[in-house]
Amino acid sequence: MIDFARVQKELQECSRDIESSGIKVSPKSDSLARLTGTIPGPIGTPYEGGTFQIDITLPVMGKFEWELKDGYPFEPPKMQFATKVWHPNISSQSGAICLDILKDQWSPALTLKTALLSVQALLSAPEPDDPQDAVVAQQYLRDYQTFVGTARYWTETFAKPSSLGVEEKVSKLVEMGFPEVLVRSTLESAGGDENLALEKLCSG
Amino acid sequence: MGDYVDSDDDYDYQDSDEGCDDEDDAVEGIEDDTEIVARGPSFKVITKESILAAQREVMHKVMDLLWLNAHHARTLLIHHRWDVDKVTELLVENGKEKLCAEAGVPTGNHNNDIPNLPSSVGCEICFDDVSVSDATKMECGHIFCNDCWTSHFIVKINEGKSRSIRCMDPNCNSVCDDAKIKALVGARDPYLAQKFDRFLQESYIEDNSRVKWCPSVPHCGNAISVDDVKLCEVECACGLQFCFTCLSEAHSPCSCLMWELWTKKCQDESETVNWMTVHTKPCPKCHKLVEKNGGCNLVCCLCGQAFCWLCGGATGRDHDWTTIFGHSCGEYKEEFEQKSQRAKIDLHRYMHYHNRYQAHLDSFKLESKLKESIQDKISKLEERDSISKDFSWIVNGLHSLSKFRRILSLTYPFAYYMFGGEIFKAEMTSDEKKMKRELFEDQQQQFEGNVERLSLLLEENFDDYDGERIKDLRARIIAVFKSTENLCRNLYDCIENDLLGSQQGTVHKISPFSIPDIQRIGLKEPLQQWHS
Ligand SMILES: [Zn+2]
Ligand SMILES: [Zn+2]
Ligand SMILES: [Zn+2]
Ligand SMILES: [Zn+2]
Ligand SMILES: [Zn+2]
Ligand SMILES: [Zn+2]
Ligand SMILES: [Zn+2]
């Protein structure tokens, strides 16, 4: 069983220092077993400026009936990116995260907030040698510049709901007379930066 | 002492007068004709009852070496797969502190009782305040409530991590005290606490590269420990002889790979399939397999369909020796004939080796039944002469015969792979191969002849013999045993040096020749009587 008293306390604690950490955890529905975590993209990374949502599922209990009390926090929470993100240790398809503390390095003394902080730290420090997404990891190792561009583009596209949507940018540039396929690829290589893309289109 | 095991006498750590027999022999300075030559690596049988003692013995070494308590010694040994030499080496290299820290052995000096703490403790897991009596402090100094510790332990035990359950503090590497784990888990689930205890004990066998469970089915409960993990064959107290590397039945002089291939080949229908492709073909109409019956290439199925043996195509019935009218298949002919020729050769080769292998295996089975009839003859003799004599020479002679017989049968699959097939194809020219094969076969035949002679001697109806004739039989058995043993050793020399010695790599390492206990318990005693 999940120790819901503890989860309650964690939520209170977390909302108290939301200003300083920027990390938010809130229940998805009326059950405390499914929550949503929110982390800001770390400054100085291609994820800067983005806001990333993470689906959290708390393990209810073990496989055996006698493990009455042994769900969360004795077993790690399951976390998965709901926001699409381009990162070697996060699946670009499913959002699955490859992070040791969410697996065998979990300790019951860790909390949802500390776990989310570790996820945030992972965004700043990818470990391409232990990849979740082989395609991204290859790109990270072989063509770092393209990796940064793509990651930034994905941040612009998926993690910034307030900014101008990609489709709008595309149609704007197409209206200027550039072919759509070229516009999309240029926009992507420019990390979603509309002005940079225009510059490239004009010079190329 | 201890470098062989008597299969009737389980290894037992409690038994303190081990080694006495040996001393007696030495003291009496017995004349010994059968030289005791280098044996295979030494091994011990560990019975279910002696696992604990065996484990304790290793733990004591480490406890004495590092001044650790039993729990810490076990933690350290589990971390290093029970390899005391490795622990010793690392101790010299890195010092005690680093050695312990890496294995999760708490090194700090944290007192276990909590006298100067407040009466209640805030548990950082459940965020509750609990009274000190409901909290437990581990040796690393971290304190959490008993409920939380218990849940943590239960999760880890069920995850299969009983052997190294770490502290709940995320920055603490230290392994929790097994006595505390047992006590806390036992309070909630006594059955799981028992399981935990068993898991810990079995670590000595399952996490230990020098110890393996005997692969007998149903399991005899024993494990075997070797002094050196070098390739070797061992014999369990239950009688099973097995390869310590691949855990299948003893297979020397075949390498583990050869033996794996051979057993697969024997089980495999592929040889039969091969035979079928050589001798039968499916009817193009009803698809039943049809055997070729005559010399010409027209075959007729029971269903009435005629077809061409060479290409399998349906034809009419008009034909002569060379052609079927209205049918031409010349282009396939050559390829098909080559293929079927190859399959035929392969099959014949396999049959040649397999028949001999099987024949010796059959003899092996028959000879193992001899034990009873020999025992009968002994009883008869003892009744007649109304004295009991030592007949261990014939019993042990039979024991050695079965070992020789098994080795002999295995020389056939060995030869099958050594002199044909793909394994050594690139390693020898065909001239070389031919020369080596002749050398090998010569040795093999001599060995074979002697094994048969030994077998005949052991079948003699000695229950009618008088004292002189029995003495004579004993002398003959001893003589044949010795020459058989020499021939067997020569054969191994040939295999190890002339055949495999020139090969690169270690894939084809074989277990060395050894007749573990036979030399000493077998022919030594009768010899002293013989001379007296
Ligand atoms: Zn607690
Ligand atoms: Zn600790
Ligand atoms: Zn056994
Ligand atoms: Zn083997
Ligand atoms: Zn037919
Ligand atoms: Zn005919
Ligand atoms: Zn034909």
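Where is the place of B:Asn173 in chain B? B:Asn173 sits in the loop between H5 and H6 of chain B. Keep in mind that this is a predicted model: local features need pLDDT of at least 70, side-chain atom pairs count only at pLDDT 80 or more, and totals for chains, interfaces and linings use all residues. Residues are numbered from 1 along each chain as its sequence is written, chains are lettered from A and ligands numbered from 1 in the order written, and side-chain values use heavy atoms, with hydrogens and water left out.

B:Asn173 has a relative accessible area of 35%, so it counts as partly exposed (buried is under 20%, exposed over 50%, partly exposed in between; 1.4 Å probe, protein chains only). Its C-alpha atom is separated by 8.2 Å from that of B:Ala103, 70 residues apart along the chain. Neighbours within four places in sequence aside, B:Asn173 is in contact (heavy atoms within 4.5 Å) with B:Ala101, B:Glu102, B:Gly104 and B:Arg166.

Now for the zinc ion (ligand 2). Its protein donors (N, O and S atoms within 2.8 Å of the metal, 3.2 Å for Na, K and Ca; water is not among the atoms, so sites may look incomplete) lie 2.0 to 2.3 Å from it:

| Donor residue | Atom | Distance range for the set |
|---|---|---|
| B:Cys140 | SG | 2.0 to 2.3 Å |
| B:His142 | ND1 | 2.0 to 2.3 Å |
| B:Cys167 | SG | 2.0 to 2.3 Å |
| B:Cys172 | SG | 2.0 to 2.3 Å |

Along the chain, the donors follow the spacing C-x1-H-x24-C-x4-C. B:Cys140 and B:Cys167 link distant parts of the chain, 27 residues apart, and both are buried.

Terms used. Helices (H or I, at least four residues) and strands (E, at least two) are DSSP runs, numbered from the N terminus.
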